[in-house]
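Please keep the sequence and the model in view while reading.

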Amino acid sequence: MEIRNITVKSSVEEGMQQGNLEVFVQAAEKKEKDHPVFLWAQLADEEGLEADRIFPIELEEENSFCMEVNPVRLWNMEQPQMYDLILELRDENNRLLGTSVKKTAFFLLSGEEDKLCLNGKKITVYPDPESGRVEELLQKNGTEEKIKEQLRRIRCAGRNALVLPKMYWEETVVQWCLEYGILLVEKAQESLVRPDFAIQVVEDGALIENHSVFADLKEYDLYCEIEQEGTVIQKSVVRAEAAPGSTRYLELPFVRPSKPGVYCYRVSVCLRKDQPWAGKGSAVAIGEAIITNLWMG
């Protein structure tokens with residue numbers, strides 16, 4: 001026997017501490033002379049740490065079971081936490097016959113239109129103004145890579161939502177959006193973009209405003225650079241804390257250039273690790289200032 005289809009339904013308990021996962025597995029029809037096949041299931045977080053597992057069950061044409069995660073790491077657009085549901089098929093001698101992996105996430109979305117709440121916090125969604133391109137790709141049976149490329153463009157442009165009629169909410173599209181930190185909505189709200197971080201740079205430091213709803217600045221790396229005529233002459237990576245909705249002034253770890261000239265001071269908030277839409281070190285917000293140094297050493 002082999003797995004033909006996997007369907008999952010996630011939910012979050014009141015209090016936002018426990019996540020529940022209902023799993024439905026369909027298998028190929030069992031032949032009369034087939035030996036018994038057993039289904040193993042494990043739920044793991046992004047670091048590969050086990051969150052839950054079930055005891056092996058004999059695989060039937062239709063199988064269902066529930067799993068729990070406590071404490072659960074909730075998904076949001078700023079921190080798209082995903083879990084891997086790992087299914088293994090083994091024979092009666094525990095020999096591995098096949099493996100399937102399906103990504104899932106836990107979150108609680110409530111309200112409608114301009115009163116949306118995600119995991120109990122009010123959010124503002126900024127849909128991509130060109131959401132129609134994804135809909136067009138789905139209408140024309142566009143390739144997976146073309147659809148993902150469009151989702152990458154949405155995410156890298158600072159948008160956090162995709163407007164798409166529910167008839168196009170295919171299971172794979174829903175999963176890709178979750179992985180990319182994009183919320184699927186049926187109706188558009190504002191089309192403006194407000195970055196998660198705003199940065200004002202001066203010669204001695206940078207004022208960083210954290211407009212995020214969920215993410216702390218400490219979850220990113222700060223790349224600090226001084227550039228002259230297109231060449232970076234000083235560079236360092238630092239870390240700082242700034243809770244959502246707060247402001248932090250950071251003294252820049254620079255030695256002031258002694259030679260007279262025009263310099264660009266730049267501070268970037270960058271991804272600390274690879275994400276599906278961009279690699280480690282990619283900037284999510286940039287602030288810079290032109291500094292003229294007239295001092296002669």
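The sections below treat the helix pair and then the salt bridges.

## Basis of the report

The structure is a predicted model. Residue numbers start from 1 along the chain as its sequence is written.

## The packing of two helices

Two packed helices are described by the angle between their axes and the distance between the axes. Here the pair consists of helix α2, residues 144-156, and helix α3, residues 171-180. Their axes come within 10 Å and cross at roughly 35 degrees. The crossing of α2 and α3 is right-handed.

Which residues make this contact? Helix α2 contributes Glu 144, Ile 147, Lys 148, Leu 151, Arg 152 and Arg 155, while helix α3 contributes Trp 176, Cys 177 and Tyr 180. By residue type, the contact of α2 with α3 comprises five nonpolar residues and four charged ones, with no polar residue.

## Salt bridges and their surroundings

How many salt bridges does the structure hold? The number is 21. One of them joins the side chains of Lys 140 and Glu 136, with a distance of 3.0 Å from N to O. Lys 140 is exposed, having a relative accessible area of 60%, whereas Glu 136 is partly exposed at 38% relative accessibility.

A salt bridge also forms between Asp 221 and Arg 239, whose closest N and O atoms are 3.1 Å apart. This pair links distant parts of the chain, 18 residues apart. Asp 221 belongs to strand β15 (residues 220-228), and Arg 239 to the loop between β16 (231-238) and β17 (247-251). Arg 239 counts as exposed, because its relative accessible area of 58% is over the 50% limit.

## A link between two strands

Strand β15 also holds Glu 227, which pairs with Arg 266 of strand β18 (residues 261-271). The side chains of Arg 266 and Glu 227 meet in a salt bridge with an N to O distance of 3.3 Å. Because the two residues lie in these two strands, the pair ties together parts that are 39 residues apart in sequence. Both Arg 266 and Glu 227 are buried.

## A network of charged residues

Asp 45, Glu 46, Glu 47, Arg 73 and Lys 273 are linked in a network of salt bridges.

Technical notes: Predicted model: local features only at pLDDT ≥ 70, side-chain atom pairs only at ≥ 80, totals over all residues. Heavy atoms only, no water. Axes fitted to C-alpha atoms, helices over the stretch in contact; angles between N-to-C directions. Helix = DSSP H or I, 4+ residues; strand = E, 2+ residues; numbered from the N terminus. Left-handed = near helix turned anticlockwise from the far one by under 90°. Contact = heavy atoms within 4.5 Å. Nonpolar A, V, L, I, M, F, W, Y, C, P; charged D, E, K, R; others polar. Salt bridge = Lys/Arg side-chain N within 4 Å of Asp/Glu carboxyl O. Buried < 20%, exposed > 50% of the residue type's maximum accessible area, 1.4 Å probe, protein only.
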